[in-house]
Amino acid sequence: MRELLESLRSASRQAIDQAVDMEALESLRVKYLGKKGELTAILKQMGKLSAEERPVIGQLANQIRGELEAELEDRKSALAAKMQELRLESETLDVTMPGKEIRLGKKHVNNTVLDEVLDIFVGMGFSIVEGPEIELATYDFDRLNIPANHTVREWTDTFYITPDEKVHLRCQTSPVQVRVMESMKPPIRILSPGRVYRKDEIDATHSPMFHQIEGLVIDKGVTMGDLKGTLNTLMQKIYGPDTVTRFRPHHFPFTEPSCEMDVQCFECHGRGCRVCKGEGWIEILGAGMVHPHVLEMSGIDPEVYSGFAFGVGLERLTMRRFQISDMRLLYENDVRFLNQF
Ligand code: DAH
């Protein structure tokens, strides 16, 4: 029995020494010291011993139990210390390491200008409305007084969606005027930004998709003076208080009279240079007094109400504002370019 106890002593010592975690230690405790453990099993056989041997073996067994308990305890604290060390090591933070750069996004320059324009008009009491990009010929052409034989209706100009020419990608934001007149009663003061589509070849000043901002005002007694005042305010707010404009007669089917507005070239102040191609002026938008027939077609009495409308290309505003010479730069999304603004 002494041998049995001795071999348990050395086997358990070795096992405890090699235990790698708390769980392993606990199962060793059960294995050796538990109620059904190996030490208890040996002690159960004490009855077979002689009266002289019994106290000697009993003492040895108690001693081994004490040793085992102490060893388990020691190993336990050693493991705990080790774990703590590992945890600290894995959680070490080197505060001297350089940080990771957080890249912030930036508003696209077109949106910067658009937001400015929206702010200016909201300040003048306009509401912002949006219309669909897939539009009906009724809204984009018929009810804007655009004649059946107008070139804009050609397949070479417009992206048709249905072969019957009833549905297409809108080529201007003007159809929103009709939608607004249909759903709102005067007084009307709206601004409508959005994408438009034309079959244009891409170059420095053209793109098959670009953005327009449409404006419409209808009330009693609205005059061309209101149109000029409103658009001059816009120009002075975005290009500076010294901005000089001029209004030239033009033709649009949905306005009468119609005009185009130019701003004096910021480069040469009207003398003529490379930027304005020698003109001294830069064309900026189309506008006019809403045609009485357009009002009538949308159920507004032209004898009672009058209005003005305008449409301006957002890219053109942006390019003039930041002196960007090539429209393609606005769509290439090269952040080295876009981050400049
Ligand atoms: N829709 C015109 C275009 O795309 C621009 C325009 C001209 C809009 C005169 C208007 C307007 O509202 O009155 O060329």
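The axes of helix α1 (residues 2–18) and helix α4 (residues 53–90) approach within 10 Å and cross at roughly 0°; axes here are lines fitted to C-alpha atoms, for helices over the stretch in contact, with angles running from 0 to 180 degrees between N-to-C directions. Helix α1 is therefore roughly parallel to α4, given that angles under 35 degrees count as roughly parallel, over 145 as roughly antiparallel, 65 to 115 as roughly perpendicular and the rest as oblique. On the α1 side, the contact (heavy atoms within 4.5 Å) involves Arg2, Leu5, Glu6, Leu8, Arg9, Ser12, Arg13, Ile16 and Asp17. The α4 side contributes Val56, Ile57, Leu60, Ala61, Gln63, Ile64, Glu67, Leu68, Glu71, Leu72 and Arg75. Ten of the residues in the contact of α1 with α4 are nonpolar, two polar and eight charged, where Ala, Val, Leu, Ile, Met, Phe, Trp, Tyr, Cys and Pro count as nonpolar, Asp, Glu, Lys and Arg as charged, and the others, Gly among them, as polar. Helices (H or I, at least four residues) and strands (E, at least two) are DSSP runs numbered from the N terminus.

The structure is a predicted model, in which local features need pLDDT of at least 70 and side-chain atom pairs count only at pLDDT 80 or more, while totals for chains, interfaces and linings use all residues. Residues are numbered from 1 along each chain as its sequence is written, and side-chain values use heavy atoms, with hydrogens and water left out.

The protein chain is divided into domain 1 (2–90) and domain 2 (109–338), with bounds that come from an automatic or database domain assignment. A distance of 91 Å separates the C-alpha centres of domain 1 and domain 2.

The residues of the contact of α8 with α10 comprise four nonpolar, no polar and three charged. Within helix α10 (residues 314–322), Leu314, Glu315, Leu317, Thr318 and Met319 are buried, buried denoting under 20% relative accessible area, exposed over 50% and partly exposed in between (1.4 Å probe, protein chains only). The elements covering the buried residues of α10 include α5 (109–123), β5 (209–219), α8 (224–239), β8 (281–290) and β9 (306–313). Just after α10, Gln323 adopts a positive phi of about 50°.

Salt bridges, defined by a side-chain nitrogen of Lys or Arg within 4 Å of a carboxyl oxygen of Asp or Glu, number 19 by this rule. Glu135 and Arg179 form one of them, at 2.8 Å from N to O. Because Glu135 lies in strand β2 (residues 134–136) and Arg179 in helix α7 (residues 175–183), this pair ties together parts that are 44 residues apart in sequence. Glu135 is buried, with a relative accessible area of 0%, whereas Arg179 is partly exposed at 26%.

Asp262 takes part in salt bridges with Arg246 (2.8 Å, N to O) and with Arg248 (2.7 Å, N to O). Arg248 in strand β6 and Asp262 in strand β7 are 14 residues apart, and their pair links distant parts of the chain. Asp262 is buried at 2% relative accessibility; Arg246 is partly exposed at 30%, and Arg248 is partly exposed at 24%. Elsewhere, salt bridges that share partners join Glu6, Arg9, Arg13, Glu67 and Glu71 into one network.

Several backbone features were also identified. A cis peptide bond with omega of about 0° joins Pro186 and Pro187, and Pro187 is located in the loop between α7 and β4 (188–197). The peptide bond from Glu256 to Pro257 is likewise cis, with omega near -5°, Pro257 being in strand β7. In the loop between β7 and β8, His269 has a positive phi of about 50° although it is not a glycine; His269 is exposed, with a relative accessible area of 54%. Lys277, placed in the loop between β7 and β8, has a positive phi near 55° and is exposed at 71% relative accessibility.

Asp334 occupies the loop between α10 and α11 (335–338) and is partly exposed, with a relative accessible area of 27%. The C-alpha atoms of Asp334 and Gly278 are separated by 31 Å, the two residues being 56 residues apart along the chain.
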